[in-house]
Amino acid sequence: MQKQMMKAAVLDRPLSIEVKDVPVPEPRPDEALVKVHCIGICGSDVHYYEHGRIGRYEVKQPIILGHEVAGTVVKVGSAVTNVAVGDRVAVEPGVTCGRCDYCKSGRYNLCPDVVFMATPPVDGAWADYVAVRSDFLFKLPEAMSFEEGALLEPLSVGIHAMTRGRVKPSDRVLVTGLGPIGLLALEAAKLFGVTEIYGSDVMESRRALALEMGAAGVLDPAGAPVKEQLDRLTGGEGVDVIVETSGSARAIADTIGLAKRGGRIVLVGLPTSDAIPLDIPALVDAELDVYGVFRYANTYPAAIQLLSRREHSIAKTITHRFPLSRIREAVETARTQKDTSIKIMIYPNEHE
């Protein structure tokens, strides 16, 4: 029997991506086949496109990128019971083993055997269809758009950061770096009930969007010393929690001097250098708690519930929309127009 074919964006080597015909994946007994309605471009996708590797993960063979995805179930495996054909779903892209100590304890994001979409050599979902183990599919409420469903993945990073940082409504929060993750971390803080949130970024357009999304104030790290700006905004009270998403070595080092005594620092962004000088005596003297964030765990149900019950602004992060047929233009926009682009969405069906 001849295999059914679909369109997919295939990265052959750095800066070389093309839409090709590839076989539609056949779902295993515990998987469902999802028709992709929209899928975001992540910073990791752009990095693989530009450099061909991130750390130890290297593109050694053609790969389909993309992992921020929502769509409709069109086929289910023989063992699937939690979703059915026709269900609108968001896809959690990291499929874990479910058996190791990390999975058993609920911290499955640390599973050593995780299979994560669009991480070499695993294909992603810049395609018409994707097959996913069904327990990593989450039904979308009728009022939630496919775009919001696709944004659940980057929003989950922000939600996990709030959980790791033990954020509560009475906290004053600073988010450094206002790219897609930073802006959605800001939104996550709002969903956690925080009312006083500040944002920091060198790009004026991103600071403006943070204010539009509800930030109480913004800082420009390229201007006056950040500590001075923060003291003006908070009346010298400082912030309880800093969520660092930029990955800037300077921003990471500065967190120790910006958090109030007894505060918490949540590190999300990955720096390009392995070693960053930190003022350890100041960290100890202020009794600061420092938390690392690696992806997320157990966030999708909470994210869907929070978004369903509260007003939110996550769709404001979408600045561009492209059909899959224009994938190279879309990725180049993300790569070269960081001053005007935040989240770019891809649509395999050009009419959607």
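This is a predicted model: local features need pLDDT of at least 70, side-chain atom pairs count only at pLDDT 80 or more; totals for chains, interfaces and linings use all residues.

**The loop at Pro121 and its surroundings**

Modeller: Pro121 is placed in the loop that runs between S10 and S11. The peptide bond joining Pro120 to Pro121 is cis, with an omega of about 5 degrees. As a general rule, most peptide bonds are trans.

The strands that flank this loop lead on to a pocket. Strand S10 (115–116) and strand S11 (129–133) each supply at least two residues to the lining of the second largest pocket, as do strand S1 (5–13) and strand S2 (16–23). Among these contributors, S11 gives the most, with five residues. The space in this pocket comes to about 700 Å³. Its lining consists of 30 residues, and those closest to the centre are Arg28, Glu31, Val115, Val122 and Ala131. By class, the lining divides into 19 nonpolar, nine charged and two polar residues.

The structure has one cavity of 30 Å³ or more, and the largest cavity has a volume of about 60 Å³. Lining the largest cavity are Glu92, Gly94, Thr96, Tyr108, Asn109, Val114, Phe116, Arg295 and Tyr296. The classes represented in that lining are four nonpolar, three polar and two charged residues.

Next come the cysteines. The structure holds zero disulfides. Cys100 takes part in no disulfide, and the nearest cysteine sulfur, that of Cys103, is 3.7 Å away. The cut-off applied here is a sulfur pair within 2.5 Å. Cys100 counts as buried because its relative accessibility is 17%, and Cys103 is likewise buried, at 12%.

Returning to backbone geometry, two residues elsewhere deserve mention. Most residues other than glycine have a negative phi. Glu287, although not a glycine, has a positive phi of about 50 degrees. Glu287 is found in the loop between helix H8 (280–285) and strand S18 (289–292), and a relative accessible area of 63% makes Glu287 exposed. Asn298 is also not a glycine, yet its phi is positive, at about 60 degrees. Asn298 is located in the loop between S18 and helix H9 (300–309).

Two further sites concern contacts between separate stretches of the chain. Arg264 belongs to strand S17 (residues 259–267) and counts as buried, at 6% relative accessibility. A polar atom of the Arg264 side chain lies 3.0 Å from the backbone oxygen of Gly165. Ala249 is in helix H7 (residues 249–258) and is partly exposed, at 33% relative accessibility. Ala249 and Thr272 are separated by 23 residues in sequence, with their C-alpha atoms 8.0 Å apart in space.

Finally, the annotation. UniProt, in an unreviewed entry, places the feature "domain: Enoyl reductase (ER)" at residues 12–346. In the model, the end C-alpha atoms of residues 12–346 lie 19 Å apart, and the span is 29% helix and 28% strand.

Technical notes: Residues are numbered from 1 along each chain as its sequence is written. Side-chain values use heavy atoms; hydrogens and water are left out. UniProt positions are given in the numbering used here, feature names are shortened, and annotations may be inferred rather than shown by experiment. Helices (H or I, at least four residues) and strands (E, at least two) are DSSP runs, numbered from the N terminus. Buried means under 20% relative accessible area, exposed over 50%, partly exposed in between (1.4 Å probe, protein chains only). On a 1 Å grid over the protein atoms alone, a cavity is a set of points where a 1.4 Å probe fits but cannot get out, and a pocket is an open set with protein on both sides within 12 Å along at least five of seven lines; lining residues have an atom within 4 Å of a point. Grid points are joined across faces, edges and corners, and a volume is the space filled by probe spheres set on the points. Ala, Val, Leu, Ile, Met, Phe, Trp, Tyr, Cys and Pro count as nonpolar, Asp, Glu, Lys and Arg as charged, and the others, Gly among them, as polar. A polar contact is a pair of N or O atoms within 3.5 Å; within protein, one must be able to donate a hydrogen and the other to accept it, and residues adjacent in sequence count only if both atoms are side-chain atoms.
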